[in-house]
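Let's take a walk through this structure together, one chain at a time and then across the contact between them. Keep the viewer open as you read.

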Amino acid sequence: MRLPDRVTGLFLVGLGAAAAYGGWRLPPVPGQPVGPNVFPLVIGTGLALCGLAIAFGIGRSFEEEEHLIPVEGGQPPPPTGKFYGLRALLPPALLLFYVAVADRLGFIITAALIVFVTSTALGARWKLSLPLAALAPIAIHLIFSKLLRVPLPAGLLPMPW
Amino acid sequence: MLNTLAQAFSLICTWEVIVSMLAASVYGLVIGSLPGLSATMATALLVPVTFYLSPIAAIATIVAASSMAIFSGDIPGALLRIPGTPASAAYADEAYAMTRKGEAELALGAGVWFSAVGGIAGTLSLMILAPPLAEIALSFSTFEYFWLALLGLMCATLVARSSPVKAIAGMFIGLLVSCIGIENPGGIPRFTFGITDLFGGIEPIPALVGVFAVAQVMRAMLTPEPPPIPRRKFGSIMAGQWRLTRKYHWQMTRGNIIGIIIGVLPGAGADMAAWVSYAMSKRFSKEPEKFGTGHVEGLVEAGASNNASIASGWVPSLLFGIPGDTIAAIAIGVLYMKGLNPGPTLFTEKASSMYAIYLMFIIANIIMIPFGIVMIRLASYVLRAPRASVMPVIMLCCAVGSFAIGNNMFGVVTVATFGVIGYVMEENGYPVAAMVLGIVMGTMIEQSFVTSLIKSDGSVLPFFERPIAAILAAMAIGALIWPVLVWLWRKLKREPIPATSPR
């Protein structure tokens with residue numbers, strides 16, 4: 001996901017310009033010199049300027065090299081396939097999955113699926129991930145639903161408490 | 001004053017406060033000690049729980065969890081050379097070198113002891129600094145608040161350990177996020193794109209959870225698992241700490257003071273305090289050649305510093321609602337939720353609550369010593385928990401916690417979105433802390449800016465006319481121009497030697 005500064009910088013220019021334009025189009029409050037349009041205009045302009053500076057490498061000399069501590073006797077570098085980088089998108093995808101199906105399937109089932117997928121993706125064997133998927137949702141449900149009274153969706157598998 | 005103190009005592013001497021404080025301490029110690037789970041993340045995940053507690057208990061959990069997590073980040077730093085929290089990164093190498101020399105007890109003991117001392121020093125600074133500042137702050141108008149908030153944001157970008165331009169860009173992104181919703185001077189939907197869920201704006205807490213927790217799980221997907229910790233028997237942990245205190249009392253005091261100053265500066269938190277103090281310690285040490293070979297001096301100073309910054313970070317938060325660091329940003333959210341709106345009047349009207357906060361800080365730092373010793377002894381068990389079992393639970397907490405904040409599925413969408421934003425920003429060198437502060441302070445900046453503009457009839461001059469406003473303005477503008485000047489200066493200095501670095 002590491003992109004060249006020129007790409008991120010130009011993206012920020014676009015974002016800033018869009019924000020400034022969107023802010024500028026907002027209707028003013030009648031009878032007042034300043035309204036909701038001023039702030040986005042200022043922010044958008046600033047963001048666009050920053051984007052330009054980043055795209056053209058102004059102030060880049062400041063960047064300190066990353067302070068990574070090498071792990072002694074660590075594992076070999078991870079395999080880097082074509083789609084390896086996409087694994088990072090798994091957690092947000094699972095959260096959106098939760099939003100989509102939690103009301104229908106209920107908290108316990110959805111949560112168990114999330115736990116199973118996450119722990120498998122992190123390299124757990126089924127001996128760890130299956131019990132975890134069974135127990136963790138129940139524990140979380142107990143804490144949040146029973147103790148803190150968060151209305152978690154019951155769905156297909158309501159808990160007895 | 002004695003009366004308020006007694007009231008404060010009765011506020012914290014309830015079962016709810018005591019139990020939540022103890023539970024939060026254990027939680028903070030465990031999360032802080034697990035590599036990759038930062039103190040900010042520990043605190044952010046606590047917020048949904050604090051919803052259901054009384055105001056004092058809610059603050060107690062945050063105080064306890066954040067103080068403990070900052071200390072406990074030292075444990076894997078010393079034993080594995082992997083800092084548990086970014087605040088321990090500055091001296092993880094040093095502590096690990098001590099462990100290899102067979103001085104693990106001394107390194108970890110120094111972590112506990114000087115963290116506790118630093119925390120108490122930070123609390124004292126909070127007690128001493130806050131009330132007189134509150135007196136001054138009572139006379140502040142929107143002009144001063146505007147400059148103060150801007151100064152806060154500028155500090156956050158100045159101290160970021162990346163390019164200041166990117167930090168400023170991150171800040172602007174955060175401010176832009178805060179524009180979303182109908183809570184603006186005109187009361188019209190702004191940047192909502194017709195989505196009703198966006199009318200209420202982006203809540204800072206789900207955004208924080210996304211940026212600090214989900215993004216961390218995303219990173220874990222791509223990084224190899226840290227090695228398991230070797231089992232070891234520990235000798236006495238506190239032995240020799242008193243000797244160290246006497247030998248390095250000057251370093252300790254300097255660490256405390258640096259930590260306090262950096263904590264008070266908005267935006268700069270414990271990690272910055274640790275880096276600066278470690279560097280200071282090396283610079284002024286009588287035996288700088290020993291640094292990096294397992295020398296305890298830097299540990300003393302940096303350990304004293306990062307915990308001091310935690311408490312002093314509450315000074316600007318309580319007084320102005322301007323967070324001293326990202327943990328304080330979360331604390332501000334909780335304060336608002338609990339009706340303890342930050343502001344100078346807090347110290348006059350809710351004095352007993354303020355004293356309760358001081359007391360809780362002191363208690364948290366005292367119980368840190370026994371709890372910390374137990375945690376060090378148990379560390380080899382806790383750190384054996386494989387990442388594949390911790391991260392899924394974090395995911396569930398993110399989902400449930402963000403849902404609980406508004407009993408609204410949109411919170412979960414926010415968390416997921418900000419996870420991606422935070423991940424991409426961090427990968428490309430944009431500091432997320434600057435964005436977070438932008439989100440937290442956006443509404444305040446806009447309100448004070450627009451109100452000031454309306455008061456001044458669109459003229460810029462009144463922004464500089466009041467004396468304190470003028471000073472704050474000079475500082476804020478200076479902070480903005482400073483990086484530009486340094487950059488120009490470096491550029492000019494480098495010009496005569498064209499053959500060097502193509503950058």
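Chain A is built from 5 helices and 0 strands, so its pattern along the sequence reads simply α-α-α-α-α. Please keep in mind that this is a predicted model. Of the 161 residues in chain A, 33% are buried. The chain is divided into domain 1, covering residues 5-60, and domain 2, covering residues 84-147. Taken over C-alpha atoms, the centres of domain 1 and domain 2 of chain A are separated by 39 Å. If you look at contacts in chain A between residues at least 6 apart in sequence, 62% of them join residues at least 24 apart.

How do these helices relate to the annotation? The unreviewed UniProt entry places the feature "transmembrane region" at residues 38-62, 83-101, 107-125 and 132-152 of chain A. Two of those spans are worth a look in the model. Residues 107-125 of chain A are 79% helix and 0% strand, with end C-alpha atoms 24 Å apart. Residues 132-152 of chain A are 76% helix and 0% strand, and there the end C-alpha atoms lie 20 Å apart.

Now for confidence. Chain A has an average pLDDT of 78, and 80% of its residues score at least 70. In chain A, helix 4 has the highest confidence at 89, while helix 5 has the lowest at a mean of 84. Over residues 63-77 of chain A, the pLDDT is below 50, and this stretch has 17 contacts in the model beyond near neighbours in sequence. Chain B averages a pLDDT of 83, with 96% of the residues scoring at least 70. Residues 497-503 of chain B stay under 50, and for them the model has 2 contacts beyond four places in sequence. The model as a whole scores ipTM 0.85 and pTM 0.82.

With that in mind, let's bring the chains together. In the model, 72 residues of chain A are in contact with 74 residues of chain B. On the side of chain A that touches chain B, the elements giving two or more residues are helix 1 (5-25), helix 2 (38-55), helix 3 (90-105), helix 4 (107-121) and helix 5 (126-147). Helix 2 of chain A provides the largest share, 10 residues. By class, this side of chain A has 48 nonpolar, 17 polar and 7 charged residues.

Which residue shows the meeting of the chains at close range? A:Ile140 lies in helix 5 of chain A, and it counts as buried because it has 22 C-beta neighbours inside 10 Å, where the cut-off is 20 or more. For a sense of distance, the C-alpha atoms of A:Ile140 and A:Val13 are separated by 43 Å, and these residues are 127 residues apart along the chain.

One of those partners, B:Leu396, leads on to the largest nonpolar core. Of its 233 residues, B:Ala60, B:Met360 and B:Leu396 touch the most other members. Helix 7 of chain B, residues 104-137, gives the most to this core, with 16 residues. The core also draws at least three residues from each of domain 1 and domain 2 of chain A. Around B:Met360 you will find B:Ile12, B:Met21, B:Ile59, B:Ala60 and B:Val63, leaving out residues up to four places away in sequence.

B:Ser312 is found in helix 14 of chain B, residues 296-312. Is B:Ser312 buried or exposed? It is buried, because 29 other C-beta atoms lie within 10 Å. Leaving aside neighbours within four places in sequence, the contacts of B:Ser312 include B:Gly122, B:Ser125, B:Leu126 and B:Ile260.

The other stop is B:Pro35, in the loop between helix 2 (15-33) and helix 3 (39-50) of chain B. B:Pro35 is buried too, with 23 other C-beta atoms within 10 Å. Not counting residues up to four places away in sequence, B:Pro35 touches B:Pro76, B:Ile82, B:Gly84 and B:Pro226.

Methods: Residues numbered from 1 in each chain as written. Chains lettered and ligands numbered in written order. Predicted model: local features only at pLDDT ≥ 70, side-chain atom pairs only at ≥ 80, totals over all residues. UniProt positions renumbered as here; feature names shortened; annotations may be inferred. Helix = DSSP H or I, 4+ residues; strand = E, 2+ residues; numbered from the N terminus. Buried ≥ 20, exposed ≤ 12 C-beta atoms within 10 Å, placed from the backbone. Contact = placed C-beta atoms within 7 Å. Nonpolar A, V, L, I, M, F, W, Y, C, P; charged D, E, K, R; others polar. Core = buried A, V, L, I, M, F, W, Y, C linked by C-beta atoms within 7 Å. Domains from an automatic or database assignment. pLDDT = per-residue confidence, 0-100.
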